[in-house]
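Please look through the sequence and the fold shown here.

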Number of protein chains: 4
Amino acid sequence: MTESAQLAPESLDSRPTDRPRHRMLENDRASQALGIEVLTADPGHARISMEIREDMTNGFDIAHGGMLFALADTCFAMACNHPSLDEGTITVASGVDINFLKPALLGETITAEATEVASTGRSGVYDVRITRGDDLLGVFRGRSRTIASPGKK
Amino acid sequence: MTESAQLAPESLDSRPTDRPRHRMLENDRASQALGIEVLTADPGHARISMEIREDMTNGFDIAHGGMLFALADTCFAMACNHPSLDEGTITVASGVDINFLKPALLGETITAEATEVASTGRSGVYDVRITRGDDLLGVFRGRSRTIASPGKK
Amino acid sequence: MTESAQLAPESLDSRPTDRPRHRMLENDRASQALGIEVLTADPGHARISMEIREDMTNGFDIAHGGMLFALADTCFAMACNHPSLDEGTITVASGVDINFLKPALLGETITAEATEVASTGRSGVYDVRITRGDDLLGVFRGRSRTIASPGKK
Amino acid sequence: MTESAQLAPESLDSRPTDRPRHRMLENDRASQALGIEVLTADPGHARISMEIREDMTNGFDIAHGGMLFALADTCFAMACNHPSLDEGTITVASGVDINFLKPALLGETITAEATEVASTGRSGVYDVRITRGDDLLGVFRGRSRTIASPGKK
C-alpha cells in the first residue's frame with residue numbers, strides 16, 4: 001500500500017457505509033494509516049480492529065509493541081470522545097499501564113475493546129483488552145483527562 | 001515520503017554511515033517505517049529520534065499517543081538488545097507504564113533516551129524519557145523479560 | 001508502642017470460625033495487624049475486608065494510600081497463593097499499577113476483590129477492585145511471578 | 001489489640017529534635033504507626049526511613065508489599081506537600097506504578113527518596129526509590145493531583 005493512499009481523504013469513501021463512523025477517526029491520520037476499522041462506537045465503549053502488516057512488525061518478526069499500543073490507544077480515545085459528547089471539550093490520555101501477554105503475528109487481525117471503568121470529574125479510567133479471537137494478547141489501562149477543546153481549524 | 005520508500009531495504013543505505021547501527025533496528029520494519037534515527041546505542045542505554053509526520057497525528061492534530069509510545073518502546077528494546085549481548089536470548093517488553101506530559105506537534109523532532117534502572121535475573125526495568133529540546137513530553141517505564149531467542153530465519 | 005499487642009497470636013482466636021481460612025493469612029502478620037477479614041478465598045479469586053482505623057489515616061484525615069494498597073495487595077496475594085495450589089512454589093508481586101478514585105474515611109469498612117486476568121507460564125496479571133458498598137474507591141492491577149518456595153521454617 | 005498504644009501522641013516525643021519535621025507527618029497517624037523517620041524534607045524532594053518490624057512481614061517472612069508501598073507513598077506525599085507550599089491546596093496521589101525488585105527482611109532499615117519528575121498545572125509525576133544501603137529494592141512512580149484543601153479541623 002502506498003502511504004499517499006492511506007492518507008488520502010478519498011480512501012475513507014471506500015469504507016463500508018454500514019460501519020460506525022466516529023468524529024475521532026475521521027480526522028485521525030495515524031489511525032487511518034494503521035488501517036484501523038471501527039466495529040462499535042458508543043459513549044464509554046468502543047471496539048476496533050487492525051491487521052498486522054509487515055511495516056508493523058519489529059526485529060523479532062512479531063507486531064511492534066507500539067502498534068498494539070496504538071490500536072488500544074485509539075480505541076480508548078474513541079470510547080472517551082464519542083460524537084454525542086460535549087463538543088467544547090476533548091478527552092486525552094494522561095497515561096497508560098499496559099501488559100503484553102502474547103505476541104501478534106504478521107497477517108493476523110487483532111481487536112481492541114475499550115470500556116469505561118470509572119469517571120470522576122475530569123478524570124477517567126478505561127480498560128482496553130487486546131485480543132485475537134479468544135486469545136487475550138494484552139491489557140491496557142488508560143487514564144484520561146477532559147480538557148477544553150483546543151479549537152481546531 | 002512514500003511508504004514503499006520507508007520499507008524498501010535500500011532506504012537504509014541512505015542513512016549516514018557515521019550513525020550507530022543496531023541489530024534490532026536493521027530488521028525492525030515498524031521502526032524503519034516511523035523513520036526512527038539512532039543517535040546512541042550502548043548496552044543498557046540508547047537514544048533515538050523521530051520527526052512527527054502527518055500520518056502520525058491524531059484527530060486533535062497532535063502526535064498520536066501510539067507514535068510516542070512506539071518511539072519510546074523502540075528505544076527501550078534497543079537498550080535491552082544491544083548487539084554485544086548474548087545472541088541466544090532476546091529481551092522483550094512484558095509491560096509499560098507511560099505518562100503523557102505535553103503534546104508533540106506536526107513537524108517537530110522528538111527524542112527518546114532509555115536507561116537501565118534495574119536488572120535481576122531475567123527481569124529488568126528501564127526508564128525512557130521523551131523530550132523535545134529541553135521539554136519533557138513523557139516518561140515511560142518499561143518492564144523487560146529475557147527469553148530464549150525464537151530462532152529467527 | 002506495644003508491638004507484641006499487635007501481634008498476639010491469640011487475637012486470631014476471636015475470628016469467626018465460619019470464615020474461610022487461608023495459608024497466606026495464617027502467617028501474614030502485616031495483614032493480621034491490619035485486621036483484615038477473609039470473605040472468599042478460591043484459586044484465582046479472593047474477597048477480603050478491612051475497617052479504616054485511626055492509625056490507618058493520613059495527614060488529610062483519610063485512609064493512607066498505603067493502607068488501601070496493603071488491603072488490595074493482600075487480596076492479590078491470596079488469589080495467587082490458594083492452599084490448593086502447588087506447595088513447592090509461591091507467587092509474589094513483581095509490580096502493581098493502582099489508581100485511587102475516591103477516599104475512604106475513618107470507621108468505614110472497605111472491601112477488596114481480586115480476580116485473575118491472565119496467566120502465562122510463571123507470570124500472571126490480577127485485577128483488584130477496592131470498594132465501599134457500591135462505590136469504587138480504587139482499581140489495582142497486580143503483576144505476579146511464581147518462584148520456588150523459599151523453604152520457610 | 002491495643003490500638004491506643006499504637007497511636008499514643010507521646011510516642012512522638014521521643015523523636016530526635018534535630019530531625020526535620022513536616023506538616024504531613026505531624027498529623028499522619030498511619031506514618032507514625034509505621035515508625036517512619038524523616039531524613040530530608042524539601043519542596044519536591046524528601047527522604048525517609050523505616051525499620052521492618054515483625055507486624056510488617058507477610059506470610060513469606062518478608063516485608064509486606066503494602067508496607068514498602070506505604071513508605072514510598074508517604075515519601076511521595078511529603079515531597080508534594082512541603083510546609084512552604086500553598087496552604088489552600090493539598091496534593092494527593094491519583095495513582096502509582098510500583099515495581100518490586102528485591103525483598104526487605106525483618107529488622108532491616110529501608111529508605112525511600114522522592115524526587116519530582118514533572119509538574120504541569122495541577123498534575124505531577126514523582127519518582128521514589130526504595131533502597132537498603134546500596135541495594136535498590138523497588139521503584140515507585142507516583143501521579144499527583146493538587147486539589148483545594150478539604151478545610152481540616
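A residue counts as buried if 20 or more other C-beta atoms lie within 10 Å of its own. By that cut-off, helix α4 of chain A is mostly covered: 16 of its 16 residues are buried. The model is a predicted one.

**Chain A**

Stay with α4(A) for a moment. The helix covers residues 65–80.

Now take the whole chain. Chain A holds 4 helices and 6 strands. Read from the N terminus, the order of its elements is α-α-α-β-β-α-β-β-β-β. The chain has 153 residues, and 49% of them are buried. Contacts reach along the sequence as well. Of the contacts in chain A with a separation of 6 or more, 64% join residues 24 or more positions apart.

**A hairpin in chain B**

Turn to chain B. Its strands β1 and β2 pair in the antiparallel sense, over 5 bridges. Ala41(B) has Ala46(B), in β2(B), as its bridge partner. The hairpin of these strands has 2 residues between them. Which residue of the hairpin takes a positive phi? It is Gly44(B), with a phi near 80°.

| Strand | Residues |
|---|---|
| β1(B) | 37–42 |
| β2(B) | 45–51 |

**Chains B and D**

Two copies of a chain are related by a rotation about an axis and a shift along it.

How many residues of each chain are in contact? There are 12 in chain B and 12 in chain D. On the side of chain B that touches chain D, the elements giving two or more residues are β3 (89–100), β4 (109–120) and β6 (135–148). Of the elements, β6(B) gives the most, with 4 residues. By kind, the residues of this side of chain B are 6 nonpolar, 2 polar and 4 charged.

How values were computed:
Residues are numbered from 1 along each chain as its sequence is written. Chains are lettered from A and ligands numbered from 1 in the order in which they are written. This is a predicted model: local features need pLDDT of at least 70, side-chain atom pairs count only at pLDDT 80 or more; totals for chains, interfaces and linings use all residues. Two strands pair if DSSP finds at least two bridges between them. Two residues are in contact if their C-beta atoms, placed from the backbone, lie within 7 Å. Ala, Val, Leu, Ile, Met, Phe, Trp, Tyr, Cys and Pro count as nonpolar, Asp, Glu, Lys and Arg as charged, and the others, Gly among them, as polar. A residue is buried if 20 or more other C-beta atoms lie within 10 Å of its own, exposed if 12 or fewer, and partly exposed in between; C-beta atoms are placed from the backbone. The expected span of a helix is 1.5 Å times one less than its number of residues.
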